[in-house]
There are 2 protein chains.
Amino acid sequence: MDEPKPLRPTSEATLRRLPIYHHLLQKRLSTGIKTISCSQIAEELDYDATQIRKDLAVTGIKGRPKVGYDLAALILSIETFLGWSRVRKAFLAGSGHLGSALLGYNRFSHYGLDIVAAFDRDPDRVGTKVHGREVLPINKLAGLAKRMRVEVGIITVPAPVAQEVADFMVSGGIRAIWNFAPTKINVPAGVIVQNEDLYSSLGVLLQKLSAAHRLV
Amino acid sequence: MDEPKPLRPTSEATLRRLPIYHHLLQKRLSTGIKTISCSQIAEELDYDATQIRKDLAVTGIKGRPKVGYDLAALILSIETFLGWSRVRKAFLAGSGHLGSALLGYNRFSHYGLDIVAAFDRDPDRVGTKVHGREVLPINKLAGLAKRMRVEVGIITVPAPVAQEVADFMVSGGIRAIWNFAPTKINVPAGVIVQNEDLYSSLGVLLQKLSAAHRLV
DNA sequence: TTACAGTAGAGAATTATTTCTCGATTCTAC
DNA sequence: GTAGAATCGAGAAATAATTCTCTACTGTAA
Ligand SMILES: NC(=O)c1ccc[n+]([C@@H]2O[C@H](COP(=O)([O-])OP(=O)(O)OC[C@H]3O[C@@H](n4cnc5c(N)ncnc54)[C@H](O)[C@@H]3O)[C@@H](O)[C@H]2O)c1
Ligand SMILES: NC(=O)c1ccc[n+]([C@@H]2O[C@H](COP(=O)([O-])OP(=O)(O)OC[C@H]3O[C@@H](n4cnc5c(N)ncnc54)[C@H](O)[C@@H]3O)[C@@H](O)[C@H]2O)c1
């Protein structure tokens with residue numbers, strides 16, 4: 001009776017909902033309340049209370065009947081589970097429109113990510129500063145990543161060069177890639193890729209709008 | 001025997017995958033090939049071929065055994081299904097970091113979306129131009145949306161004011177909202193909201209990275 | 001012509017996720 | 001104290017999504 005559970009990894013759906021709860025909980029924290037129940041969260045977000053209870057359970061938090069969860073403890077539990085309590089260094093490749101927006105967003109450091117430098121191929125960009133971070137030549141990425149023990153790579157370059165940039169990241173020892181380019185990138189086993197495809201989101205929105213049209 | 005099928009709406013998972021196929025198909029189109037099969041797509045994207053077949057079926061495309069699908073017809077079928085073939089006007093609220101990045105991205109017009117104007121509350125921003133689009137005062141949003149028959153609203157304002165901006169959009173007759181603020185917005189029935197929560201994406205990435213650490 | 005291999009499409013089986021049900025617990029009010 | 005209401009937590013049931021299986025079709029090559 002050593003490993004009775006197969007210990008499945010947490011479902012992606014649950015992982016995506018946890019930050020949504022986190023936003024709400026933080027908002028509530030500032031109002032001064034001390035506890036919150038699943039039914040209250042459910043009411044606010046229009047989710048099913050049982051689903052929220054199961055989601056929160058994966059973080060290891062324990063609630064009390066009739067009361068709910070301790071708000072501060074719950075926030076901490078989510079942050080710990082998601083890996084937001086330990087800040088990891090990140091390199092961003094492609095300091096264009098989207099890359100600059102991410103660099104300008106100083107809130108990621110509260111969510112486990114510290115973008116320490118940006119990289120680009122364009123000589124006009126290299127050497128400039130974007131929101132306080134220096135832009136370095138892309139060919140320095142791998143070496144620096146290794147030296148600085150950078151764990152996360154962010155790809156905001158055009159799709160045709162995304163694979164090449166990902167290869168630099170992998171060779172620099174980066175083990176998790178946040179990919180904003182609308183293309184699949186191939187990485188060796190053990191490297192985590194999280195695609196953020198805005199077209200998928202846009203596709204869902206516009207399809208629903210079109211479908212609504214067709215019905216009415 | 002009039003409505004034998006309940007006609008369920010297409011699942012969100014399928015809707016999110018269709019744009020991913022679209023990216024690949026477009027890339028293939030430029031190589032000159034004329035047809036493509038599910039097994040080829042599956043090989044490339046590391047998906048299950050049957051899943052791809054079922055996904056593509058919802059767009060109404062018909063394939064031929066041993067051959068696959070006509071590439072150009074398939075692309076068109078996806079575009080039509082997702083509502084990308086008819087371009088809809090959009091207003092963007094919040095011309096900050098992220099809003100500017102979206103305004104600078106001229107490719108959305110090929111994907112059914114034409115951002116025609118931006119809105120902001122900051123007097124320093126109002127009156128300027130961001131990537132060719134004028135920034136107008138936020139209090140003009142509702143009236144102009146109604147007059148110009150704008151269908152889509154994009155929210156890139158800070159979370160605490162997202163609801164207020166959404167209300168302006170709804171009162172201007174906007175029926176689909178692409179929300180980048182990390183907060184729930186409440187809208188009347190019939191209005192479509194698509195949340196694009198970068199923290200969800202980041203949460204998935206970092207949790208997987210943490211979990212990988214724990215195992216090794 | 002004929003065998004063969006690759007593939008779409010439909011439906012069944014499997015797996016994953018969400019929702020329901022119920023017992024146990026804990027707070028509040030009487 | 002005791003009754004009642006709210007809620008957690010665990011397991012069962014229902015629902016949804018994915019993967020498997022089989023048949024029929026189509027092009028290619030012997
Ligand atoms: N901006 C958006 O709103 C938006 C929306 C959806 C998707 N995207 C995707 O995000 C990515 C970036 O978009 P963007 O609008 O910021 O583009 P952009 O052209 O503004 O920026 C791209 C940057 O990458 C740099 N670059 C090009 N090749 C490089 C290389 N080999 N190595 C390092 N840097 C290189 C360029 O010099 C440029 O600075 C694209 O893949 C795009 O499809 C952007
Ligand atoms: N920039 C990013 O990388 C990033 C990442 C994740 C999430 N987000 C989210 O996107 C949103 C925008 O982020 P940002 O970095 O662009 O912020 P930002 O501060 O650069 O831009 C916000 C803009 O909204 C305007 N604004 C404020 N109140 C307004 C109102 N009532 N009406 C109209 N305009 C108003 C401001 O003047 C400013 O121009 C935020 O909700 C943020 O959480 C941004």
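Start by selecting ligand 2, which sits between chains A and B. What you have open is a predicted model, in which local features need pLDDT of at least 70, side-chain atom pairs count only at pLDDT 80 or more, and totals for chains, interfaces and linings use all residues. Residues are numbered from 1 along each chain as its sequence is written, chains are lettered from A and ligands numbered from 1 in the order in which they are written, and side-chain values use heavy atoms, with hydrogens and water left out.

**Stop 1: the shell around ligand 2**

Now show the residues near the ligand (a residue is near if one of its heavy atoms lies within 4 Å of it).

**Stop 2: polar contacts of ligand 2**

Next, look for polar contacts (pairs of N or O atoms within 3.5 Å; within protein, one must be able to donate a hydrogen and the other to accept it, and residues adjacent in sequence count only if both atoms are side-chain atoms). Select B:His97: one of its backbone N or O atoms is 2.9 Å from an oxygen atom of ligand 2. Then try B:Arg125, where a polar side-chain atom lies 2.9 Å from an oxygen atom of ligand 2. Finish with B:Glu164, whose polar side-chain atom is 3.4 Å from a nitrogen atom of ligand 2.

How much of ligand 2 does the protein cover? On its own, ligand 2 has 820 Å² of accessible area, and the protein covers 90% of it (accessible areas come from the Shrake-Rupley method with a 1.4 Å probe; for residues, only the protein chains shown count as cover).

**Stop 3: over to ligand 1**

Select ligand 1, which also lies between chains A and B. Click on A:His97 to find a polar backbone atom 2.9 Å from an oxygen atom of ligand 1. A:Arg121 has a polar backbone atom 3.3 Å from a nitrogen atom of ligand 1. At A:Glu164, a polar side-chain atom lies 3.4 Å from a nitrogen atom of ligand 1. Taken alone, ligand 1 exposes 820 Å², of which the protein buries 90%.
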